Amino acid sequence: MSRQTFALFFGNRGFMPESLVAGARKEMCEAVVKGGFDYLIMDDSLTRYGAVEGREEGEKYAKWLDSHRGEFDGVILCMPNFSDESGAVTALQDAGVPILIQAYPDEIGKMGFETRRDAFCGKFSIEDVFYQYGVKFTAMKPHVVHPLSVEFAENLQEFAAVCRVVKGMKRFTVGCIGARTTKFKTVRFDEIALQKYGITVESFDLSELIYKVGLMQDDDPKVQAKADRLREYTNCSRVPEDKMLILSKIGVILDEYICDYKLDALTLRCWDELHDILGVAPCVLLSELNDRGFVASCEIDLCSAITMYGMQLASQYPTACLDWNNNYGTEKDKVILFHCGPVAQSLMTDKGIVTDHKMFSKNNPGCGWGSNEGRICPFTMTYSNCRTENGKLLVYVSEGEFLSDPIEDAYFGCAGVAQIKDLEDKLLKLGRGGFKHHTTVGMGKMKNILEEAFGYYLGYEMVSID
């Protein structure tokens, strides 16, 4: 994965000490590199001190920025002093990427004219004018912060995550393999509404996948390589060889869909046909896709794939689609989140073991090989999902934690115990709000990041459940 790059902008105001700008250029570059990112910086000979004041200098910066179009993921607007708002808006109104506004703090003992900054006040002025012009920007706490502080280092990582989500989701494509199962009305979605948000849905008939499986030879090198990959990935020791080959063929075909149609995520109709006709459950294939960084949801829950994709971009870790499945005894703020086996092993305590799907094989033993069973490991998590209604995409985001609390061995599938504050109240809001029995989870605290990216930059309608 290539390193993210930020274009650096430095504001100025004529009567403020120019020495503050020189220091800011050096310190901001240092902060960005320390954060693990690259930067673009305008030569200091193009404007006074390499900063921007007034429309003329703003136009010079805008021209410079445009010459680097496609090379930067976001802009950091650095305010060493009060800084001129007209120059800033002229320079950045067509930036087309998220803009982080950083303002230097004043220091007690350095409030004389030669060292006073007044950026605390100036930040409001730039924010005000950006609002008037419709220029979107990100502002974080604290209101003023030094670039080399721990607080700004945290701001920078959060802003980078926002930029990844916005860049990745401004336009992306989800493959929908199979039609919605008749019984699962919970996973309905409005394809035209999604397209308005830049989300393209490419649909494929499940019969095409099944037909392609029938055409593939067992000794096809791609099939054998996929079987080797699955055996390396998880414990496939119980899987009959004929079912292993079928799973491997489906895996090859999914890879071909991803490559041929340049998919960014997919969702798959995982029952009834795959177990009735081919005698397998594709859970382990989705698990492996998620683990190698390609978002894949089951049960044609395309909306879950959307929030999974957003959380993966933000966290840079695999995500999962899970059922709100079981209470945990009498613990009101605990819930067992479960699915049959599509969870990435990066989110599990150990390697899974591939079994004959107990739900499918109850009446037809041997028809459901592919469920990757295990337990979800403890981690701080974000959970989210979305739905479409009246042409809008509505999303909720909240946070919780997976615990190490045990689940009995007889429990089928891949599951974990999650603790969520005020869970009962949240469940009421989700139920009344028309959200599905699935939620999607990702590693780390991402609520602020996703609300900024989804709600502010991408225009999704956020629904609060907190």
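## Thr-307 and its contacts

Leaving aside residues up to four places away in sequence, Thr-307 touches Ser-384, Asn-385, Cys-386, Val-395, Thr-440 and Phe-454, where contact means heavy atoms within 4.5 Å. Thr-307 belongs to helix α12; helices (H or I, at least four residues) and strands (E, at least two) are DSSP runs numbered from the N terminus. Thr-307 counts as buried because its relative accessibility is 2%, with buried meaning under 20% relative accessible area, exposed over 50% and partly exposed in between (1.4 Å probe, protein chains only).

## Basis of the values

This is a predicted model, in which local features need pLDDT of at least 70 and side-chain atom pairs count only at pLDDT 80 or more, while totals for chains, interfaces and linings use all residues. Residues are numbered from 1 along each chain as its sequence is written, and side-chain values use heavy atoms, with hydrogens and water left out.

## The largest pocket

The largest pocket holds about 550 Å³ of space. On a 1 Å grid over the protein atoms alone, a pocket is an open set of points with protein on both sides within 12 Å along at least five of seven lines, a cavity is a set where a 1.4 Å probe fits but cannot get out, and lining residues have an atom within 4 Å of a point. Grid points are joined across faces, edges and corners, and a volume is the space filled by probe spheres set on the points.

Of the 28 residues that line the largest pocket, Glu-154, Asn-155, Gln-157, Glu-158 and Ile-449 are the closest to its centre. The elements giving two or more residues to this lining are α5, α12 (302-315) and α15 (447-457), and the largest share, seven residues, comes from α5. By class, the lining of the largest pocket has ten nonpolar, ten polar and eight charged residues; Ala, Val, Leu, Ile, Met, Phe, Trp, Tyr, Cys and Pro count as nonpolar, Asp, Glu, Lys and Arg as charged, and the others, Gly among them, as polar.

By class, the lining of the second largest cavity has three nonpolar, one polar and four charged residues.
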